[in-house]
Amino acid sequence: MPISLADRVTYLAYDPGITPKGGGLPGLDVLRNVVSSINMFGIIAVVGALAVSLGVWAWGHHTGGHQAEANGKKGVVVSAGAALGLGAANGTVAFFSALGTQVH
């Protein structure tokens, strides 16, 4: 028995049949290299921010500047969080992408 047009549209709304596929677009390798380079740049910037924050924390502690010490501590925590996020970016996206494929 042939499927009606309305049933086909309804089925497409639930399952369009689209899955991620590598190699489908030209320049995909270039895009991966660019994103990897941006991630590396971010990690290097976080190392610099962490070094500056640790210096501000130490300077504030030794000079009695409580505001500078608190800002240095905040900078260390933010730098650590940014490093965690940058390092886990690929795994986080892969986890949620796999989780998204289970939604029906």
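Trainee: Is Ser79 buried or exposed, and what is its relative accessible area?
Mentor: In this predicted model, the question can be settled with the cut-off for burial, which is under 20% relative accessible area. Ser79 falls below that cut-off and is therefore buried, with a relative accessible area of 7%.

Trainee: Which residues does Ser79 touch, not counting residues up to four places away in sequence?
Mentor: Ser79 lies in helix α3, and helix α2 covers residues 28–63, so the numbering lets us place its partners by helix. With neighbours up to four places away set aside, the residues that Ser79 touches are Val46, Ala49, Leu50 and Ser53.

Trainee: At what angle do helix α2 and helix α3 pack?
Mentor: Helix α2 runs over residues 28–63 and helix α3 over residues 66–87, and their axes are 7 Å apart, with a packing angle of about 160 degrees. Because angles over 145 degrees count as roughly antiparallel, this value makes α2 roughly antiparallel to α3. By class, the contact of α2 with α3 has 13 nonpolar, eight polar and two charged residues. The angle asked for is about 160 degrees.

Trainee: In which hand, left-handed or right-handed, does α2 pass α3?
Mentor: The hand of the crossing is a separate property from the packing angle of about 160 degrees. For α2 passing α3, the crossing is left-handed.

Trainee: Which residues are buried in α2?
Mentor: The cover over the buried residues of α2 includes α3, and one of the residues in α3 that reaches α2 is Ser79, which touches Val46 and Ser53, among others. The buried residues in α2 are Gly42, Val46, Ser53 and Gly60.

Trainee: How far does α2 reach from its first C-alpha to its last?
Mentor: Helix α2 has 36 residues, and at 1.5 Å a residue the expected reach is 52 Å. The reach found in the model is close to that expectation, and from first C-alpha to last it is 52 Å.

Trainee: Which residues does Glu69 touch, not counting residues up to four places away in sequence?
Mentor: Glu69 is found in helix α3, and because its relative accessibility is 15%, Glu69 counts as buried. Among its partners is Gly60, which is itself one of the buried residues of α2.

Trainee: What relative accessible area does Leu50 have?
Mentor: Leu50 is found in helix α2 and, leaving aside neighbours within four places in sequence, is in contact with Val76 and Ser79. The C-alpha atoms of Leu50 and Ala83 are separated by 9.5 Å, although these residues are 33 apart along the chain. Leu50 is partly exposed, and its relative accessible area is 31%.

Trainee: How far apart in space are Thr19 and Thr101, C-alpha to C-alpha?
Mentor: Thr19 lies in the loop between α1 (5–14) and α2 and is exposed, with a relative accessible area of 61%. Thr19 and Thr101 are 82 residues apart in sequence, and their distance in space, C-alpha to C-alpha, is 8.7 Å.

Trainee: What percentage of the residues in the protein is buried?
Mentor: The protein has four helices and zero strands, and along the sequence these follow the pattern α-α-α-α. Of the 104 residues in the protein, the buried share is 10%.

Key: Residues are numbered from 1 along each chain as its sequence is written. This is a predicted model: local features need pLDDT of at least 70, side-chain atom pairs count only at pLDDT 80 or more; totals for chains, interfaces and linings use all residues. Side-chain values use heavy atoms; hydrogens and water are left out. Axes are lines fitted to C-alpha atoms, for helices over the stretch in contact, and angles run from 0 to 180 degrees between N-to-C directions. Helices (H or I, at least four residues) and strands (E, at least two) are DSSP runs, numbered from the N terminus. Angles under 35 degrees count as roughly parallel, over 145 as roughly antiparallel, 65 to 115 as roughly perpendicular and the rest as oblique. A crossing is left-handed if the near helix is turned anticlockwise from the far one by less than a right angle, and right-handed if clockwise. Ala, Val, Leu, Ile, Met, Phe, Trp, Tyr, Cys and Pro count as nonpolar, Asp, Glu, Lys and Arg as charged, and the others, Gly among them, as polar. The expected span of a helix is 1.5 Å times one less than its number of residues. Buried means under 20% relative accessible area, exposed over 50%, partly exposed in between (1.4 Å probe, protein chains only). Contact means heavy atoms within 4.5 Å.
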